[in-house]
2 protein chains.
Amino acid sequence: MTLTLPAGESSSVLASSSGEPPSRSSGRPVTSSHRADITRWMAGLHDELTSFFGRLDRGGTFIEDRWERPGGGGGVARVMTDGVTFEKAGINRSAVMGTLPEAAARRLGGTGATQGSTMFFATGVSLVVHPRSPMVPTVHLNVRYFELTDEQGRVTDRWFGGGTDLTPFYPHEDDPRTFHQALARMCERHHPAFYADFKAWCDRYFVNTHRDNEARGCGGIFFDHLRPDDPTHGRDAEALQAFVSDVARVLRFAYEPIVERRRDEPFGEREREFQLVRRGRYVEFNLVHDRGTTFGLQTNARVESVLMSLPPLAMWQYAPRYAPGSFESRLMAMLAPRDWLSSS
Amino acid sequence: MTLTLPAGESSSVLASSSGEPPSRSSGRPVTSSHRADITRWMAGLHDELTSFFGRLDRGGTFIEDRWERPGGGGGVARVMTDGVTFEKAGINRSAVMGTLPEAAARRLGGTGATQGSTMFFATGVSLVVHPRSPMVPTVHLNVRYFELTDEQGRVTDRWFGGGTDLTPFYPHEDDPRTFHQALARMCERHHPAFYADFKAWCDRYFVNTHRDNEARGCGGIFFDHLRPDDPTHGRDAEALQAFVSDVARVLRFAYEPIVERRRDEPFGEREREFQLVRRGRYVEFNLVHDRGTTFGLQTNARVESVLMSLPPLAMWQYAPRYAPGSFESRLMAMLAPRDWLSSS
């Protein structure tokens with residue numbers, strides 16, 4: 001399988017040079033140029049997202065750390081801690097590879113050949129930004145590509161994953177509405193079922209089950225194991241890559257308008273305190289439930305990159321109670337999954 | 001097995017009325033009065049610890065919540081949030097019982113009969129206090145008693161567990177020294193190997209393995225599955241209960257002197273910030289590694305009690321670096337396990 005990298009934003013590194021989309025059962029050996037292309041595509045998305053948040057912040061700068069993984073590969077961590085709008089913004093990319101024990105390959109969801117050892121290649125971009133103002137929601141976005149190969153270097157399975165979700169701290173109903181509408185419009189261009197399927201998946205995933213199933217925020221989209229030509233959605237590799245690129249670029253429509261209309265809204269101590277308590281729930285989800293985080297902690301990935309998603313400051317209050325009708329109660333009510341596309 | 005409850009602090013509710021210490025293989029049916037006695041013993045330790053911290057704080061008050069567990073039993077949570085010395089102090093007790101699936105019984109460490117269903121009874125007291133001043137260390141203490149019974153109500157296994165550990169935020173070497181010396185003196189009265197064995201166990205347990213094995217603090221003692229007449233230590237039930245009572249009462253010697261000498265020490269923003277960052281590590285340990293916490297979260301225990309150990313405020317900084325010789329560097333160096341009983 002020879003892969004080409006056409007120039008420009010619409011580039012696809014997964015289309016074969018013959019024009020025929022490679023399927024996961026093709027079993028042709030993967031070339032090193034293919035992985036270089038995929039890695040370059042992710043690095044491009046990483047750079048775009050860094051520029052986007054640098055501009056959106058209006059003054060802060062990112063510092064960059066490059067790290068190598070002993071088992072193979074490495075990553076680039078970019079963090080802003082001097083932001084005007086963002087108290088902390090972290091945008092990571094990584095491209096790692098190595099050998100997987102069979103059980104680990106199965107845990108990852110791989111369904112390809114498991115005779116002999118499985119090699120994996122994974123690359124992705126992940127970001128979480130924590131705004132200073134409780135009027136501005138937190139946003140998380142992640143896109144990733146996984147590939148499993150057998151001992152002969154043949155691709156036995158590969159898939160895309162990713163998503164983005166919004167965590168507001170003040171009950172502005174317009175904000176999740178803007179967010180979900182932009183996601184729905186973007187998804188619609190790729191598949192009529194993507195938004196509904198991935199919105200529901202997101203609602204199921206970002207849940208603090210230990211807090212009586214309290215949602216982390218107002219959802220968004222989440223998808224995993226999205227394989228070329230899968231029977232459910234039937235999109236080829238090139239189409240999936242274009243979708244994932246659009247996910248990585250959706251925040252200019254889904255999040256930027258929210259930041260612009262909230263950044264100058266006044267707030268007080270009580271709003272800030274509630275923001276810190278809600279950030280505590282964010283910490284709980286990431287450390288207790290998030291698969292990416294717990295996988296990273298168990299496999300001795302670079303801990304500062306894995307935990308870059310944690311907020312700069314968080315608060316735990318004992319059994320807080322909120323008066324009916326208070327902004328806190330209204331925010332809590334806003335966390336129950338709902339149809340954010342309906343007009344009311 | 002009939003159990004008696006002699007009056008006074010030296011009361012033992014585990015000694016049989018015949019004067020013969022019951023062994024875990026005795027298989028005699030447990031009486032309901034035995035469990036009531038054990039529960040009353042724990043409630044007494046809970047009250048003593050509440051009084052102790054109320055006095056040590058010099059002004060704050062505990063609020064109390066009583067809760068019931070749907071499967072059986074319940075608990076009493078006491079929290080101080082208006083403290084003079086303590087920013088948050090939580091002291092819980094619980095006594096819970098129910099049926100365990102075989103696998104869960106094995107996970108708990110039970111070695112008794114597993115034919116048919118296993119019933120469990122567990123009671124304990126647990127506390128964490130987070131001082132306002134970074135000059136004053138955080139302390140945690142826990143004592144617990146577990147009992148497994150078969151379908152006929154015969155005790156098939158039972159054990160004690162517990163411990164206490166100190167988490168300083170400023171490199172006062174005298175503080176862990178005071179703490180460990182008091183623990184060693186207390187342990188010495190019960191068994192010549194208790195301190196050494198349980199100090200080493202503590203050093204192995206409170207470790208953030210995902211942070212390159214960074215210790216949570218300066219240790220203390222930790223023990224679990226301490227069974228009457230076990231071959232290693234050979235102490236009977238009454239002796240073990242007396243030991244556990246002493247663990248619950250050791251803070252007046254191990255912790256109170258530290259609070260008294262540190263509570264008026266001046267500090268600045270930098271010390272406070274470092275305290276908040278170290279508290280972030282405390283959150284990481286409790287949510288990612290602590291067996292009690294993760295067990296509680298997975299079994300839908302009352303979440304506000306399980307997470308009462310979390311600090312009121314915590315901070316995450318990206319990849320902090322500390323200058324050689326700074327107080328932060330010296331504190332980090334103090335976390336490496338060492339012999340705190342030696343003179344230098």
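Buried area is the accessible area, taken with a 1.4 Å probe, that two parts lose on being put together, summed over both. In this predicted model, chain A and chain B bury about 2600 Å² between them, and 63% of that area is on carbon and sulfur atoms. On the side of chain A, Glu304(A), Trp316(A) and Tyr318(A) lose the most area to chain B, together 31% of what that side buries.

**Interface of chain A and chain B**

- The contact involves 33 residues of chain A and 33 residues of chain B.
- Two salt bridges are counted between chain A and chain B. Glu304(A) takes part in a salt bridge with Arg211(B), at 3.1 Å from N to O.
- Helix α8(A) gives the most, with six residues.
- By class, the side of chain A that touches chain B holds 21 nonpolar, four polar and eight charged residues.
- Strand pairing also crosses between the chains: β10(A) and β10(B), residues 313-315 of chain B, are antiparallel over three bridges. Leu313(A) has Met315(B) as its bridge partner in β10(B).

- β4(B), residues 118-131, pairs with β5(B) in the antiparallel sense over 11 bridges. Val125(B) stands opposite Val143(B) of β5(B), and the two strands form a hairpin with six residues between them.
- β6(B), residues 155-167, pairs with β5(B) in the antiparallel sense over 12 bridges. Asn142(B) stands opposite Gly163(B) of β6(B).
- The hairpin of β5(B) and β6(B) has five residues between the strands, and Gly153(B) in the turn has a positive phi of about 85 degrees.

**Salt bridges**

- Over all chains, the whole structure has 62 salt bridges.
- In chain A, Arg263(A) and Glu260(A) form a salt bridge with their closest N and O atoms 3.0 Å apart. Arg263(A) is buried because its relative accessibility is 14%, under the 20% cut-off. Glu260(A) is partly exposed at 33%.
- In chain B, Arg272(B) and Glu87(B) form a salt bridge with closest N and O atoms 3.0 Å apart. Arg272(B) lies in helix α8(B), residues 269-289, and Glu87(B) in strand β3(B), residues 86-100, so the pair ties together parts that are 185 residues apart in sequence. Arg272(B) is partly exposed with a relative accessible area of 21%, whereas Glu87(B) counts as buried at 11%.
- Also in chain B, Arg177(B) and Asp174(B) meet in a salt bridge at 3.8 Å, N to O. They are three residues apart in helix α3(B), residues 174-188, which means that about one helical turn separates them. Arg177(B) counts as buried at 13% relative accessibility, and Asp174(B) as partly exposed at 43%.
- One network of salt bridges with shared partners joins Arg211(A), Glu214(A), Arg278(A), Arg281(A), Glu284(A) and Glu304(B).

Technical notes: Residues numbered from 1 in each chain as written. Chains lettered and ligands numbered in written order. Predicted model: local features only at pLDDT ≥ 70, side-chain atom pairs only at ≥ 80, totals over all residues. Heavy atoms only, no water. Contact = heavy atoms within 4.5 Å. Salt bridge = Lys/Arg side-chain N within 4 Å of Asp/Glu carboxyl O. Helix = DSSP H or I, 4+ residues; strand = E, 2+ residues; numbered from the N terminus. Nonpolar A, V, L, I, M, F, W, Y, C, P; charged D, E, K, R; others polar. Pairing = 2+ DSSP bridges. Buried < 20%, exposed > 50% of the residue type's maximum accessible area, 1.4 Å probe, protein only.
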